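Here are some exercises to work through with the model open beside you. Try each task before you read its solution.

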Amino acid sequence: TGKDTQGGTGYFDFLRVQNTTAGVTNGNKFFRLDNVGKFEIINSAYTGSLFSLTDAGVLSTGQLQINSKKAVNGPAFRAWANDNQSITSGSQQKVTFTQESFDTDGCFASSTFTPTTEGYYQFNSTVRISGGSSTGECMLILYKNGSEYARGTNESGTEQGASFYSMQVSDIAYANGTTDYFEIYIQQTSGTSKNVTSASSISYFSGCMIRGA
């Protein structure tokens, strides 16, 4: 039993483990209870909690890894088009998403998602362009590392609404957590340039890690 030990008022440090091997680094760990019954393991410098378990059974840890790889709570992002990007006719062109709804790990930049955690990712995108009847073929494509990975909607003919086409693509892809990157490309073959509709709810690109590698 004890009270108000190294942690200060309300803390009971009940065990200190010290590795005295020559040359060891971070050789201390501290085990304590706080004033609401939470159990903690404190780092070697006694500056932060590595692990905690509340009296209600809520477990918290800095990062959960399986086989030395991050397992959960990986990167997630959502970005959207904030300008009426002009899409010329005939070739696949990268869609620019200039605004972010969120970017949890800072992995989205220049309309490109480069996740820093290895794993499998779900991607979704919808892009709308202007265009009346017989606009020609319209297609949205998920690119990985500068090449086609998955084609989505591929259509032509009558517009879907009042002079617009809305295209979608969705798929799961593996990312190595270092060099793999993902983008959205679009193609239309109307013979003239068409503009992307700029709105958060209309033209967007999102993704998140769904499981570790």
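A charge sits over a ring if NZ of Lys or CZ of Arg is within 6 Å of the ring centre and within 35 degrees of the ring normal. This is a predicted model, in which local features need pLDDT of at least 70 and side-chain atom pairs count only at pLDDT 80 or more, while totals for chains, interfaces and linings use all residues. Residues are numbered from 1 along each chain as its sequence is written, and side-chain values use heavy atoms, leaving out hydrogens and water.

**Exercise 1.** Find the ring face over which arginine 78 lies.

*Solution.* Start at arginine 78: the ring below is that of tyrosine 204, whose centre is 4.7 Å away.

**Exercise 2.** Classify the pair formed by phenylalanine 30 and tyrosine 46.

*Solution.* Begin with the rule: rings of Phe, Tyr and Trp (its six-membered ring) pair if their centres lie within 6.5 Å; planes under 30 degrees apart count as stacked, over 60 as edge-to-face and the rest as tilted. By this rule there are 18 aromatic pairs. For phenylalanine 30 and tyrosine 46, the centres are 5.0 Å apart and the planes make 80°, so the pair is edge-to-face. Now place the partners, taking strands as DSSP runs (E, at least two residues) numbered from the N terminus. Phenylalanine 30 is in strand β2 (residues 28-33) and tyrosine 46 in the loop between β3 (39-42) and β4 (49-53), 16 residues apart. Finally, both phenylalanine 30 and tyrosine 46 are buried (under 20% relative accessible area, with exposed over 50% and partly exposed in between; 1.4 Å probe, protein chains only).

**Exercise 3.** Identify the residues with the most contacts inside the largest nonpolar core.

*Solution.* Such a core is a set of buried Ala, Val, Leu, Ile, Met, Phe, Trp, Tyr and Cys residues joined through side-chain atoms within 4.5 Å. The largest one has 28 residues, and the answer is Phe97, Phe113, Phe123, Leu142, Ile184, Ile186 and Phe205. Then look at the strands: among those giving two or more residues are β8 (76-80), β14 (119-130) and β17 (164-175). The largest share, 5 residues, comes from β17. To finish, follow isoleucine 184: beyond its neighbours within four places in sequence, its contacts (heavy atoms within 4.5 Å) include Phe97, Leu142, Val169 and Phe205.

How values were computed:
Helix = DSSP H or I, 4+ residues; strand = E, 2+ residues; numbered from the N terminus.
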